[in-house]
Amino acid sequence: MTAGDGAPFAPGSHPIAAHGGGAFAFAGMSRQGSILATPRGVRGIDAPRLADLDERALAPLFDELREAPASIEFLVIGAGADLAPVPEALRSALREAGLRFETMATGPALRVYNVMQSEDRRVAAALIAAP
């Protein structure tokens, strides 16, 4: 399945099956580049680096929160291969939206997301693709 822009989109909550080589596998499909996983679906996002992660790149997350305010309580952010700080503007927007969040390298972030998702927690993940 694809989103309106032709990018892979898998409706519903899905674990992320694999990552590496700048890609992710989920719901029987793969995506080259960064992804956003929410309870409503997994989709590609235009954020090749953590510095590119902003409100525009995470618009589907903020839309979902506006439409269903209690649907997500925690955001796991995968920063890529190395840990880096989340841009301050995004930190403020996430706090204003009432989200708790944690940033770590993408591999550990993916594992944390998968555990929380398997426990039916209200979790989302923004994962920057790593080589």
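Q: What is the order of the strands in the open sheet, and what is the pairing?
A: In this predicted model, 6 strands make up the open sheet in the order β1-β6-β5-β9-β7-β8, with mixed pairing. Strands (E, at least two residues) and helices (H or I, at least four) are DSSP runs numbered from the N terminus. Two strands count as paired if DSSP finds at least two bridges between them. From one strand to the next, the twist averages 10°, an angle between N-to-C directions of axes fitted to C-alpha atoms, on a scale from 0 to 180 degrees.

Q: Which rules stand behind the numbering and the values?
A: Residues are numbered from 1 along each chain as its sequence is written, and side-chain values use heavy atoms, with hydrogens and water left out. As this is a predicted model, local features need pLDDT of at least 70 and side-chain atom pairs count only at pLDDT 80 or more, while totals for chains, interfaces and linings use all residues.

Q: What makes β1 and β8 edge strands?
A: β1 (9-11) and β8 each have a single partner strand, so one side of each has no neighbour in the sheet. Ala-10 is opposite Val-42 in β6.

Q: Why are β5 and β6 said to pair, and what do they form?
A: There are 4 bridges between β5 and strand β6 (residues 41-44), and pairing asks for at least two. The two strands run antiparallel and form a hairpin with 2 residues between them. Ile-35 is opposite Gly-44 in β6. β5 also pairs with β9 in the antiparallel sense, over 3 bridges, where Ala-37 has Ala-125 as its bridge partner.

Q: Which way do the residues of β5 point?
A: Ile-35 and Ala-37 point one way from β5 (residues 35-38), Leu-36 and Thr-38 point the other way, and all are buried. In a regular strand, side chains alternate between the two faces of the sheet. Buried is defined as under 20% relative accessible area, exposed as over 50%, and partly exposed as anything in between, using a 1.4 Å probe and protein chains only.

Q: How do you know where the buried residues of α1 lie around the helix?
A: The buried residues of α1 are Leu-61, Phe-62, Glu-64 and Leu-65. Down the helix axis they fall within an arc of 160°, so they line one face of α1; the arc is taken from the directions that run from the axis to the C-beta atoms. The face turned away from the buried side carries the exposed residues Arg-66 and Glu-67. The cover over the buried residues of α1 includes β5, β7, α2 and β9.

Q: What puts the buried residues of α2 on one side or on several?
A: Leu-90, Ala-93 and Leu-94 are buried in α2. They cover an arc of only 100° around the axis, which puts them on the same side of α2. Among the elements covering the buried residues of α2 are α1, β7 and β8 (100-104). Gly-98 follows α2 and has a positive phi, near 80°.

Q: What makes a group of residues a nonpolar core, and which members of the largest one touch the most others?
A: A nonpolar core is a set of buried Ala, Val, Leu, Ile, Met, Phe, Trp, Tyr and Cys residues joined through side-chain atoms within 4.5 Å. The largest has 23 residues, of which Leu-53, Leu-58, Leu-61, Leu-75, Ile-77 and Leu-94 touch the most other members. At least two residues of this core come from each of α1 (59-67), β7 (74-78), α2 (88-96) and β9 (123-127). A second, separate core has 19 residues, including Ala-10, Ala-125, Leu-127 and Ala-129.

Q: How do you know how compact the chain is?
A: The chain has 3 helices and 9 strands. Its radius of gyration is 13 Å, close to the 14 Å from the globule rule for 131 residues, so the chain is as compact as a globular protein of that length. The radius is taken over C-alpha atoms, and the rule is 2.2 Å times the number of residues to the power 0.38. Buried residues account for 50% of the 131 residues.

Note on methods
Contact means heavy atoms within 4.5 Å.
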